[in-house]
Every structure is written in C-alpha cells, then in structure tokens.
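Dear colleague,

Please find below the structure for your records.

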Amino acid sequence: MVLAAVGQICSTASMSHNLQQCRLLVQKAVSMGVKALFLPEASDYIASSGPETISLAKDVKESEFVLGLQEEAQKANLCINVGVHEPAQGGQKVKNTLLWIDEKGEIAQRYQKLHLFDVEIEGGPVLKESNSVEPGPSILPPFPTVFGNVGLMICFDLRFPTISTALRTHPHHPAHLLTYPSAFTLPTGHAHWTPLLRARAIETQTYVIAAAQVGRHNEKRVSYGKSMIIDPWGRVVAELDGVDVDGGKELREGEGLRGPEIAVAEIDLGVVERVRREVPLRARGDVYGEVWG
Ligand SMILES: O=C(O)CNC(=O)[C@H](CS)NC(=O)CCC(=O)C(=O)O
C-alpha cells in the first residue's frame, strides 16, 4: 500500500516560521507511513506585495527553507513536493516553482508555473501575479515515481485542461497522478476549486493531489484551503477544511483553521488501470489535432 499525504499550512513572510510548519507535517507524514508529502504553492513564503515577494526570493542552494526540507526528506526517506519562489531576470522577478525532492533529499524535478493569476474581482481580490513573476517556458514531462508517472502543475494552471491533457497523453510517460499545489482565493475557491479538481481527475482518469494554503497570510491575503486527494473516478478520498466564503476576518496573520495538518490516502495504480479499462477515453486527435506535438 503506497500512501500519499496532502499538507495544508498558512505561510507568512517568515521563511523560518513556514519551514517549522512544514517540518511538523513531515513528522506527521512519517508517523503515518507516507511515501510522499505534497505541500502547497509558495510554501516558502507569501508576501504582502510584488516587491516584497521579489526581495525575499532565494536561490535554492542558499534557501534555508529548501535546504531544511531537503534534509528532512533525506532523514525521513520521504519525497517532498513543494512550491517555492526562485529569483529570475537578474532579481527583477521571481519564478513560481514546484520542486520534487526525492527520498535522498535531492531536487530531482522542477516545474515553473505556466499560467499567471492576473485578476480584478469586484468586491474581491485584485492580484497581478505577472508583475512579479516570470511565466514558465515549458511543460515538464511526467516522471516515474513510486506513485507511477507524476505530472506537475501549479494553482491557476488548474483552469487550463490542455496542460493536464498533455501530461496525461505524454507519449513516453503518461501521467498517473497530477498535482495542483495552490493558494486559491476565497471567492474563486468557493465557486471553482472542487469542481475543477474533480473534473481534471475524471477527464484524465488520474489521481489529483491538491495541497492548499489556508487562512490569513497578511492583512490583504486569505486563502481558501480545502486541500484534497481525488482518485481517477473523481472520488474525493482525502480532504481538509476550507475557510467560509465570508470568513477570514476573524483570523489573525499567520492563522489557518486548525494549524498545519495533513490528510492521507492510498495511491493505487490498479484503480487507474481499472478506470481506464472500464471507460476508455479515445480522443479524436484525427479531428481536432494532437495536443503533444
Ligand atoms: O503570491 C505568491 O507568492 C504565491 N502565488 C499565488 O498565491 C498565486 C498567484 S497570486 N495564486 C493563484 O494563482 C490563485 C489562483 C486562484 O485563486 C484561482 O485560479 O481562482
């Protein structure tokens, strides 16, 4: 039985505080016999402004956060999937990066977020991620793990099924498991988070693991939470709490709902195989073109 854990935290601008939260989740994951821990987007920090986001970015070789998690992974013989920031364009911007740290503590894979979140929601958040973040150049092909082939995406990528379909239909390593580490806003989280995640799992017939930031990061930002693991049939097999749609006001800075927590589920490649056998999805690429060129 191969277990995965989805972790939910509330990152602030303090990297050491955030590392502490993640270390706690590593301990919980290890005590439950988990093989990989999936952590949210921007686990290293969430800042109050674009300039602050840029000023806090550290090269992974000098990041106490990343080095700390590499050490944890190696000590615990655990894979860690974690969202961080890296400096880009000579310090003028950052990369929104997702790392796969293997059980030896090495950074084995790295994906840079393709789609950036630029929104102006009436009565809700105004966020311009592209002011401070450089968009990624390419899709990372899925890579083999103990969970089968893993395809990495981040947060807002969830709204673009072309990328999940491309990972699912990769000619050499078609994905069995897709990730969406996130920091969803409250209004969009309430309206879209669960249906989008379930749709991605159902249409690709893969496991979906979505680790989410939760609670109040600073005076301006609150994240929805509701981290989950979904199986290839679309069943939510592990789930954590989300913030109420009009909630968050009572939360203090750095406060999530119940402190750092994990939820655990078995990843069974037999279920992937069965769902794909029972309901074959043969796309009509001959009609509408292949996605993976
Ligand atoms: O700011 C950071 O440091 C980390 N990055 C984020 O939190 C990003 C960009 S602001 N958030 C999202 O993409 C939310 C997407 C979303 O909420 C939706 O698609 O509805």
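The notes below go from the whole chain to the sheet, one hairpin, one loop and the ligand.

The model is predicted: local features need pLDDT of at least 70 and side-chain atom pairs count only at pLDDT 80 or more, whereas totals for chains, interfaces and linings use all residues. Residues are numbered from 1 along each chain as its sequence is written.

Overall architecture

The chain holds seven helices and 17 strands; these are DSSP runs numbered from the N terminus, with helices being H or I of at least four residues and strands E of at least two. Its radius of gyration is 18 Å, close to the 19 Å of the globule rule for 293 residues, so the chain is as compact as a globular protein of that length. The radius is taken over C-alpha atoms, and the rule is 2.2 Å times the number of residues to the power 0.38. Along the principal axes, the C-alpha atoms fill a box of roughly 50 × 45 × 40 Å.

Of the 293 residues, 46% are buried. A residue is buried if 20 or more other C-beta atoms lie within 10 Å of its own, exposed if 12 or fewer, and partly exposed in between, with C-beta atoms placed from the backbone. Among contacts with a separation of 6 or more, 73% are between residues 24 or more positions apart; a contact requires C-beta atoms, placed from the backbone, within 7 Å.

The six-stranded sheet

An open sheet of mixed pairing has the strand order β9-β10-β11-β12-β15-β16, where two strands pair if DSSP finds at least two bridges between them. Strands β9 (143-145) and β16 (236-239) are at the edges with a single partner strand each, so one side of each is left without a neighbour in the sheet. From one strand to the next, the twist averages 25°. Three bridges join β15 (residues 228-230) and β16 in the antiparallel sense, and Ile 230 has Val 236 of β16 as its bridge partner.

Helix α5 (residues 186-204) lies across β11 (177-179), β12 (207-210) and β15, at about 155° to β12. Axes are lines fitted to C-alpha atoms, for helices over the stretch in contact, and angles run from 0 to 180 degrees between N-to-C directions.

Strand β3 pairs in the parallel sense with β2 (residues 36-38) over three bridges, and runs antiparallel to β4 (residues 93-101), with nine bridges. In the β3-β4 hairpin, four residues separate the strands and Gln 89 takes a positive phi near 50°.

Pro 87 is placed in β3 (residues 79-88) and is partly exposed, with 18 other C-beta atoms within 10 Å. Beyond its neighbours within four places in sequence, Pro 87 contacts Ala 57, Asp 59 and Val 94.

Gly 248 lies in the loop between β16 and β17 (261-266). Its C-alpha atom is 6.4 Å from that of Gly 215, 33 residues away in sequence. Leaving out residues up to four places away, Gly 248 touches Leu 186, Arg 216, Val 222 and Val 243.

The ligand

The ligand is surrounded by 16 residues, the closest being Ala 42, Phe 117, Phe 156, Ala 183 and Thr 188; a residue is near if its C-beta atom, placed from the backbone, lies within 6 Å. The shell comprises eight nonpolar, five polar and three charged residues. Here Ala, Val, Leu, Ile, Met, Phe, Trp, Tyr, Cys and Pro count as nonpolar, Asp, Glu, Lys and Arg as charged, and the others, Gly among them, as polar.

With kind regards

Key: Two residues are in contact if their C-beta atoms, placed from the backbone, lie within 7 Å.
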